Amino acid sequence: MARVLVLEDDKLFNETLEDFLEEEGHSIHCALDPYTALELTYEHRFDLYLFDVNLPYENGFELLEKLRQSGDETPCIFITSREDKASLKEGFEKGGDDYIRKPVDMDELFLRMQAVLRRQVRSEMVEIDTYRFDILTKTLYQNDRAMELSTKAGELLLVLLEGQGRVVPMEQIRERLWSSSEDASDGALRVYIAQLKKYFPTQLCNVRGVGYQMSIK
């Protein structure tokens, strides 16, 4: 499951994208204008941006350029009705990773998203004590042997590692582990925490009433 920011000023198409991508299991945040999208990038860490190009106030190219200048390397796919090569070139020069033209074929969009997500620097292995965690497959290894870890527990471990030693709020954990069409379960979360504590009894701690913290030192 990836967390995706959709920026599209056509409200109906925005909602269509949201419904389709949530059905595919992704966590979706939507914005109708660049200013709202920019605020969302401050509040959340995204795995992928889907930006329309022709927008009110400033276009998608300009917004991505602003994000790149601030050090944000989140992959971005532009969605546009433009067909000229100059726009295509500008999109890539501003830091875009791919381009899809309207009218959008949803199956093609999904395949392009999967390809871009696979190219992220998420194939890295993270060393945690005597374990190695494959961020792409969310698999935990010890001496090249895969440990027993459910998919959700692997996603939880990734969320906690992304916190880089900070306390990750419960709400953020729920958002990442469950899509908006699913009911978040604190009972299930406790099961996933218990799975991780089998391997990291001292590195993982509960900050009561706030969230969880993971130390890899």
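I started with Asp33, which is buried yet has no salt bridge. The nearest side chain of opposite charge is Lys66, 10 Å away. I keep in mind that this is a predicted model.

**Entry 1: around Asp33**

Where does Asp33 sit? I found Asp33 in the loop between strand 2 (27–31) and helix 2 (34–43). I then looked for what the side chain of Asp33 reaches. It comes to the backbone nitrogen of Thr36, at 2.9 Å. I also listed the contacts of Asp33, leaving out residues up to four places away in sequence. Asp33 touches Leu7, Pro56 and Tyr57.

Which order do the strands take?

I checked two of the pairings. Strand 1 (residues 3–7) and strand 2 pair in the parallel sense, over five bridges. Arg3 stands opposite Ser27 in strand 2.

Tyr49 has Cys76 in strand 4 as its bridge partner.

A reminder to myself on sheets: strands pair through backbone hydrogen bonds, either parallel or antiparallel.

How many residues of strand 4 are buried? I counted five of its five, so I call the strand mostly covered. Cys76, Phe78 and Thr80 are buried on one side, and Ile77 and Ile79 are buried on the other. Both faces of strand 4 are therefore covered, by the rule that buried means under 20% relative accessible area.

I picked out Asp107, which has its place in helix 5. Is Asp107 buried or exposed? It counts as exposed, because its relative accessibility is 55%. The C-alpha atoms of Asp107 and Phe20 are separated by 9.8 Å. Along the chain, these two residues are 87 residues apart.

**Entry 2: salt bridges**

I turned to charge. Side chains of opposite charge can pair when their charged atoms come close. How many salt bridges are there? The count comes to 16. I looked at several of them.

Arg3 forms a salt bridge with Glu175, and the closest N and O atoms are 3.1 Å apart. Arg3 lies in strand 1 and Glu175 in helix 7 (residues 170–177), so this pair ties together parts that are 172 residues apart in sequence. Arg3 counts as buried, at 1% relative accessibility. Glu175 counts as partly exposed, at 22%.

Arg45 forms a salt bridge with Asp47, with 3.4 Å between the closest N and O atoms. Arg45 counts as partly exposed, at 40% relative accessibility. Asp47 counts as buried, at 2%.

Glu108 is partly exposed, with a relative accessible area of 33%. Arg112 is partly exposed too, with 28%.

I also noted a network of salt bridges that links Glu8, Asp52 and Lys102.

Last, I traced an open sheet of three strands, in the order 10-12-11. Its pairing is antiparallel. The edge strands are strand 10 (167–169) and strand 11 (204–207), each pairing on one side only. The twist here averages 30° from one strand to the next.

Strand 11 and strand 12 (residues 211–214) pair in the antiparallel sense over four bridges. Val207 stands opposite Gly211 in strand 12. Helix 7 packs on this sheet, touching strand 10 and strand 12. The direction of helix 7 makes about 65° with that of strand 10.

Terms used
Residues are numbered from 1 along each chain as its sequence is written. This is a predicted model: local features need pLDDT of at least 70, side-chain atom pairs count only at pLDDT 80 or more; totals for chains, interfaces and linings use all residues. Side-chain values use heavy atoms; hydrogens and water are left out. Helices (H or I, at least four residues) and strands (E, at least two) are DSSP runs, numbered from the N terminus. Buried means under 20% relative accessible area, exposed over 50%, partly exposed in between (1.4 Å probe, protein chains only). Lys and Arg count as positive and Asp and Glu as negative; His and the chain ends are not counted. A salt bridge is a side-chain nitrogen of Lys or Arg within 4 Å of a carboxyl oxygen of Asp or Glu. A polar contact is a pair of N or O atoms within 3.5 Å; within protein, one must be able to donate a hydrogen and the other to accept it, and residues adjacent in sequence count only if both atoms are side-chain atoms. Contact means heavy atoms within 4.5 Å. Two strands pair if DSSP finds at least two bridges between them. Axes are lines fitted to C-alpha atoms, for helices over the stretch in contact, and angles run from 0 to 180 degrees between N-to-C directions.
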